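Dear colleague,

I am passing on the structure that we talked about, with some notes on what turned up when it was examined. Please read the notes with the structure open beside them.

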Amino acid sequence: MEPMETLTPEIARLIAAKERRRRKLAALPFAEKVRLVVKLQQMAAPILKARGRSVKVWPLEEGKPVI
Amino acid sequence: MQKTLQVLNDLVREGVLSRYAIGGAMGATFYVEPVLTFDLDIFVILPQSVAGLLTLEPLYAALRARAYDEESECVIVEGIPVQFLPAYNDLLVEALNDAREVLYEQTPTQVLRPEHLVAIALQTGRDKDRERVRLLRDEAELDEAYLQNVLKRHGLAGKWNPWKP
């Protein structure tokens, strides 16, 4: 990746925002992260199944919000 | 996942497992941003059999008795594919003994420390392990002194050098 000082301010701002989002996600409670992993599974499963890989999406615990 | 962890806790209470802890991608997810995985890796210390052999068979039998089916290398426990990995070397035994006691919702469970997750990934060394080392280095709060001790004890200090922040 290009050093930050050679990036345009707009790209540098986007990368910094992405980094902040990663840190925010890393700081979430574990149970919320697990719910996000299940959402990732739901997104990835159709793609993987189309490639012939059999995957099982975990059950989401009921009544819990997914952020 | 809460029900899955409750089953694991029951197995410990019943003496089928001596100890367990969450590792792998879900263990890392405890410390970093959520990582896509379809398996729950559970490291286990098994009670030693009379013959001194370590085998997963009594664990699988206990799960079969509860109507949890095996699928490839996993057992589907409350809808989640769980892969049980016996502690097969000193690093894993230490990692299990030092695992963190945490609460998942209201259910107590154990997660491997991030420093041990780094050491295990360095020891295993696959592409996805290297990615895990990078994530843990960048996002987890690692106790540097503790990590150095673990790496030194298990001959992994050299493998960590290229990763040092």
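How many residues of chain A are in contact with chain B, and how many of chain B with chain A? With contact taken as heavy atoms within 4.5 Å, 23 residues of chain A touch 26 residues of chain B.

Before the details, two notes on the basis of what follows. This is a predicted model, in which local features need pLDDT of at least 70 and side-chain atom pairs count only at pLDDT 80 or more, while totals for chains, interfaces and linings use all residues. Residues are numbered from 1 along each chain as its sequence is written, chains are lettered from A and ligands numbered from 1 in the order in which they are written, and side-chain values use heavy atoms, with hydrogens and water left out.

The interface

The area buried between chain A and chain B is about 2,200 Å², with 66% of it given by carbon and sulfur atoms; buried area here is the accessible area (1.4 Å probe) that two parts lose on being put together, summed over both. Of the area that chain A buries against chain B, 33% comes from A:Phe30, A:Lys56 and A:Trp58, more than from any other three residues.

Three salt bridges are found across this interface, each being a side-chain nitrogen of Lys or Arg within 4 Å of a carboxyl oxygen of Asp or Glu. A salt bridge also describes how the side chains of B:Glu33 and A:Arg22 meet, at 2.6 Å from N to O. On the side of chain A that touches chain B, the elements giving two or more residues are helix 1 (9-26) and helix 2 (30-50) of chain A, helices being DSSP runs of H or I with at least four residues and strands runs of E with at least two, numbered from the N terminus. Helix 2 of chain A gives the most to that side, with 12 residues.

Within chain B

B:Phe43 lies in strand 2 (residues 40-45) of chain B and is buried, with a relative accessible area of 8% (buried means under 20%, with a 1.4 Å probe and protein chains only). Leaving aside neighbours within four places in sequence, B:Phe43 is in contact with residues including B:Tyr20, B:Leu85, B:Leu92 and B:Leu112.

Strand 6 (residues 100-104) and strand 7 (residues 107-111) of chain B run antiparallel and are joined by five bridges, where pairing requires that DSSP find at least two bridges between the strands. B:Glu101 has B:Gln110 in strand 7 as its bridge partner. The two strands form a hairpin with two residues between them, and B:Glu105 in the turn has a positive phi of about 55 degrees.

With best regards

Key
Buried < 20%, exposed > 50% of the residue type's maximum accessible area, 1.4 Å probe, protein only.
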